[in-house]
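Have a look at the structure first, then read on.

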Amino acid sequence: MPIRALIVDDSSVMRKIVERALRQAGIDLTEVFQAANGAEALAVLKENRVDLILCDINMPVMDGLEFVKQLPGIENAKNVPVVMITTEGSEAHVVQALSCGARGYIRKPFTPEQVKEHIVPVLAAKS
Amino acid sequence: MKSVSELPAGCSSHEDWIPLIEVAAREVFELMLGCQLAVPATAEQTILDVTSMVGLAGQLSGVFSVRCSGKAAALMTSRMLGVKLDEVGPEVLDAIGEVCNMVAGNFKHKIAVLAEGCMLSPPTVVTGSAYKLHSLTDSPALEVRLLFEGLPLVISLQIHS
């Protein structure tokens with residue numbers, strides 16, 4: 001199923017890597033939006049509907065956890081699954097992210113196979 | 001991912017962390033850049049003019065750094081983005097910062113006490129070689145020297161506490 005994704009990371013290189021990993025994982029991306037922090041991502045979502053959000057945690061301006069907390073107030077983000085992709089992979093971080101509303105958690109470094117393992121079930125559950 | 005993770009906190013000697021730094025780096029380069037790091041047979045004299053640093057705070061305070069040549073940094077960027085070397089532009093600094101960030105993050109997850117109690121700062125990248133880092137502590141840096149595509153790479157952890 002073709003999807004529209006939003007990738008949120010303060011590293012432009014990492015945003016490109018995540019997009020490439022999604023494509024290598026066989027995810028059919030019709031459109032990819034990018035944002036460098038949570039505030040930029042909220043602005044993107046006010047104007048655009050997406051099917052999947054991939055989000056870093058440690059970012060300036062607004063971090064990933066605060067961004068996820070604010071999603072319920074965004075019409076275009078309702079029922080959109082969020083998967084965190086971050087170097088922070090401690091149990092506390094995972095629990096915190098999931099309790100904020102994230103549906104999955106991928107720790108960097110990752111392989112396209114790991115991305116697929118996490119994303120495909122999330123997208124399947126959404127549809 | 002191959003891992004020696006969940007290492008008990010009993011691994012308390014900082015010297016014991018050197019192999020973990022090496023494994024952390026090898027895993028990042030294998031998974032994100034698709035290449036194997038090698039151990040240099042001799043000490044290389046190449047100028048390492050790109051330094052990426054990530055600060056650690058919490059259970060461990062210090063600075064994690066990755067040093068390499070500009071050529072190596074460009075090659076890393078090329079590998080990470082899947083583009084030709086001559087297509088690499090200013091994103092080199094971003095890429096080398098992410099490499100350091102991932103190696104530091106991967107390293108701390110191999111030590112149970114650090115995984116939960118240590119935070120990483122955003123990366124800082126310094127270019128040029130005419131500088132010297134002065135630590136305000138007397139603890140020596142843990143250092144690992146490796147080769148990335150035949151180019152020297154020095155990964156170090158300066159511990160402050």
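Chain A carries an open sheet of five strands, ordered β2-β1-β3-β4-β5, with parallel pairing. Helices (H or I, at least four residues) and strands (E, at least two) are DSSP runs, numbered from the N terminus, and two strands pair if DSSP finds at least two bridges between them. At the edges sit β2 (29-35) and β5 (104-107) of chain A, each pairing on one side only. From one strand to the next, the twist averages 20°. This is a predicted model, where local features need pLDDT of at least 70 and side-chain atom pairs count only at pLDDT 80 or more, while totals for chains, interfaces and linings use all residues. Residues are numbered from 1 along each chain as its sequence is written, and chains are lettered from A and ligands numbered from 1 in the order in which they are written.

Thr86(A) stands opposite Arg107(A) in β5(A). Helix α5 (residues 112-126) of chain A packs on this sheet, touching β1 (3-8), β3 (52-55), β4 and β5 of chain A, and its direction makes about 170° with that of β5(A). Angles here run from 0 to 180 degrees between N-to-C directions, and axes are lines fitted to C-alpha atoms, for helices over the stretch in contact. Two residues are in contact if their C-beta atoms, placed from the backbone, lie within 7 Å.

| Helix pair | Angle | Axis separation |
|---|---|---|
| α1(A) and α3(B) | about 75° | 8 Å apart |
| α1(A) and α5(A) | roughly 75° | within 8 Å |

With its angle in the 65 to 115 degree range that counts as roughly perpendicular, α1(A) is roughly perpendicular to α3(B). Ser12(A), Val13(A) and Met14(A) meet Asp94(B), Ala95(B) and Glu98(B) there.

Ala21(A), Leu22(A) and Gln24(A) of α1(A) touch Pro112(A), Val115(A) and Ile119(A) of α5(A). This contact divides into five nonpolar, one polar and no charged residues.

What about the interface as a whole? In total, 18 residues of chain A are in contact with 20 residues of chain B. α1 (12-24) and α4 (91-100) are the elements giving two or more residues to chain A's side, and α1(A) has the largest share, six residues.

Finally, the core. The largest nonpolar core has 79 residues, of which Leu54(A), Ile21(B), Met76(B) and Val103(B) touch the most other members. Such a core is a set of buried Ala, Val, Leu, Ile, Met, Phe, Trp, Tyr and Cys residues joined through C-beta atoms within 7 Å; buried means that 20 or more other C-beta atoms lie within 10 Å of a residue's own, exposed 12 or fewer, and partly exposed in between. Helix α3 (residues 92-108) of chain B gives this core its largest share, nine residues. Val103(B) touches Ala24(B), Ala25(B), Val28(B), Val66(B) and Ile155(B), not counting residues up to four places away in sequence.

Key. Parallel < 35°, antiparallel > 145°, perpendicular 65-115°, else oblique. Nonpolar A, V, L, I, M, F, W, Y, C, P; charged D, E, K, R; others polar.
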